[in-house]
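Visitor: I would like to learn how to read a structure like this one, feature by feature. Could you take me through it slowly?

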Amino acid sequence: MSFQVPDDCRYLDSHEWARQQNGTVRVGITGFAQDELGDVVFVELPQAGDSVTKDEDFGVIESIKAVSDLYAPVSGTVRATNDDLLDTPELVNDDPFGDGWMIEVELDDESELDDLLSPAEYREQIE
Amino acid sequence: MSLRQPPIEHSAKQTDFGGWEMPVEFDSIRTEHSAVRESVGKFDVSHMGELTVSGPGATQLMQRLTTNDVGALDPGEAQYAAITDESGIMLDDTVVYRLPEARDEQFLFIPNAGHDEQMYDRWVAHRDQWGLDAEITNRTEEYAMFAIQGPDAPALLGAETPLDLGEIDRFELAAGSVAGVDSLVARTGYTGEKGFEVLCPWDEAATVWDALACQPCGLGARDTLRLEMGFLLSGQDFDPGENPRTPYEARIGFAVKLDTEFVGRDALEGVDVEGPAEKLVGIVLRERGVPRHGYPVQTPDGEGIGAVTSGTMSPTLGDPIALAYLPAEYAGSEESVRVVIRDEPKKARTTTPPFIS
């Protein structure tokens with residue numbers, strides 16, 4: 001099975017993606033990750049104003065069969081969270097790189113993005 | 001140690017369960033779950049044990065090693081039972097089938113995955129100890145077992161067998177062909193839906209499986225379906241090592257017949273008179289979160305009263321549900337409790353399973 005790995009994102013080896021847009025970075029989990037988890041039923045996210053730290057957990061995702069920590073691909077301040085996930089967590093399954101996004105972060109240090117995996121590197125990891 | 005393999009290679013996500021490599025998810029748990037609740041789904045449950053017992057001492061051996069009344073079974077009938085030790089602690093739960101008269105063996109019973117060898121040894125040891133004339137055979141890898149479950153199961157299976165399925169009542173079985181393969185068809189299951197379990201020769205399993213054209217389901221959906229009914233999972237809701245429980249604590253007293261003679265009877269008679277201190281209780285969360293095995297259960301004041309044995313997000317209800325052993329006064333109640341999820345006490349209330357009507 002082959003999974004979508006959009007070229008406009010960078011990746012963490014724990015299967016989170018980061019995409020730069022309008023001065024913030026949007027964060028979610030990859031198509032591969034949602035497929036591994038199966039039916040997502042609950043997502044616990046930080047609040048706007050909270051800080052997140054690269055490689056540290058910022059939330060929790062639960063599927064019917066498993067619970068997993070979410071790791072921040074970047075450090076910074078949370079500017080927005082995807083409140084739609086409260087009532088429709090299955091958006092993470094249906095559209096992991098779009099409507100299933102989780103948080104938007106204002107970066108402390110833009111160069112941090114360069115440390116993440118490129119789409120090609122991430123593709124290699126999940127193959 | 002290598003994992004035991006089912007008779008068919010499934011294209012599904014796999015999991016290690018009871019020493020077997022079994023399909024956990026074909027499509028999604030939600031899709032598979034609703035297929036069974038709304039139409040029909042099929043499960044490969046060939047990891048379940050199959051042991052046959054025959055001979056002049058077979059009835060007595062079965063009677064003395066299971067808690068239900070084997071003597072009440074006519075050919076073609078089945079019953080749910082516990083297998084208990086001298087202290088009345090459940091080693092496993094099982095379905096005992098008295099086979100139709102056309103078969104050479106008299107009894108077939110189904111221990112849980114990975115328990116077949118242990119139960120074979122237990123049956124042989126007691127047969128020898130009691131000097132009974134009975135032949136015991138472990139046929140776990142001779143019989144494939146498929147569950148066909150859901151409101152449309154009779155129509156689907158009916159099209160593949162000359163058996164009159166309407167004549168097979170709940171907890172009855174018949175011998176007949178399915179997709180041309182000699183099989184046993186039992187009206188039993190683990191989902192709460194109308195359905196059947198089909199036992200057929202291991203090397204003809206694919207013929208039967210492929211003929212039953214419906215949603216394939218994995219162990220993930222099997223777990224959510226049984227949990228909505230409050231059915232026990234051996235090794236998780238009771239376990240002689242980690243969570244030793246009597247059938248009364250596990251709410252299956254209906255499968256214990258104290259007027260029969262069996263290992264554990266005397267201990268259970270005492271429990272029956274006294275009443276168990278704890279009982280398995282259903283819990284529905286009123287907040288977001290998924291209760292899972294081992295999570296603490298507390299009173300609203302924070303006093304520990306038990307732990308979750310099984311929990312999930314109920315796909316039918318859309319609510320998180322759980323089973324836990326709590327002080328017996330919680331049985332049959334609708335009390336406020338808390339389930340502690342990652343150090344957060346979540347509001348919940350007790351209920352009596354099944355969780356769905």
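Guide: Let us begin with strands, which are DSSP runs of type E with at least two residues, while helices are runs of H or I with at least four residues, both numbered from the N terminus. Two strands pair if DSSP finds at least two bridges between them. In strand 2 of chain A, for instance, A:Ala18 is the bridge partner of A:Arg10, and 2 bridges join strand 1 of chain A to strand 2 (residues 16-21), the two running antiparallel. This is a predicted model, in which local features need pLDDT of at least 70 and side-chain atom pairs count only at pLDDT 80 or more, whereas totals for chains, interfaces and linings use all residues. Residues are numbered from 1 along each chain as its sequence is written, and chains are lettered from A and ligands numbered from 1 in the order in which they are written.

Visitor: In what order do the 6 strands of the open sheet in chain A lie?

Guide: The order is 1-2-3-9-8-5, with antiparallel pairing. Strand 1 (10-11) and strand 5 (51-52) of chain A stand at the edges, each with a single partner strand, so one side of each has no neighbour in the sheet.

Visitor: How many bridges join strand 5 of chain B to strand 6 of chain B?

Guide: There are 8 bridges between strand 5 and strand 6 (residues 90-98) of chain B, which run antiparallel, and B:Glu77 stands opposite B:Arg98 in strand 6. These two strands of chain B form a hairpin with 5 residues between them, and B:Gly88 in the turn has a positive phi of about 80 degrees.

Visitor: Is strand 5 of chain B mostly covered or uncovered?

Guide: A residue is buried if 20 or more other C-beta atoms, placed from the backbone, lie within 10 Å of its own, exposed if 12 or fewer do, and partly exposed in between. Strand 5 (residues 77-84) of chain B is mostly covered, since 6 of its 8 residues are buried. Of the 357 residues of chain B, 50% count as buried.

Visitor: Which residues is B:Pro354 in contact with, leaving aside its neighbours within four places in sequence?

Guide: Two residues are in contact if their C-beta atoms, placed from the backbone, lie within 7 Å. By that rule B:Pro354 touches B:Gly192, B:Glu228, B:Met229 and B:Gly230. B:Pro354 is found in the segment after strand 19 (344-351) of chain B, and counts as partly exposed because it has 14 C-beta neighbours inside 10 Å.
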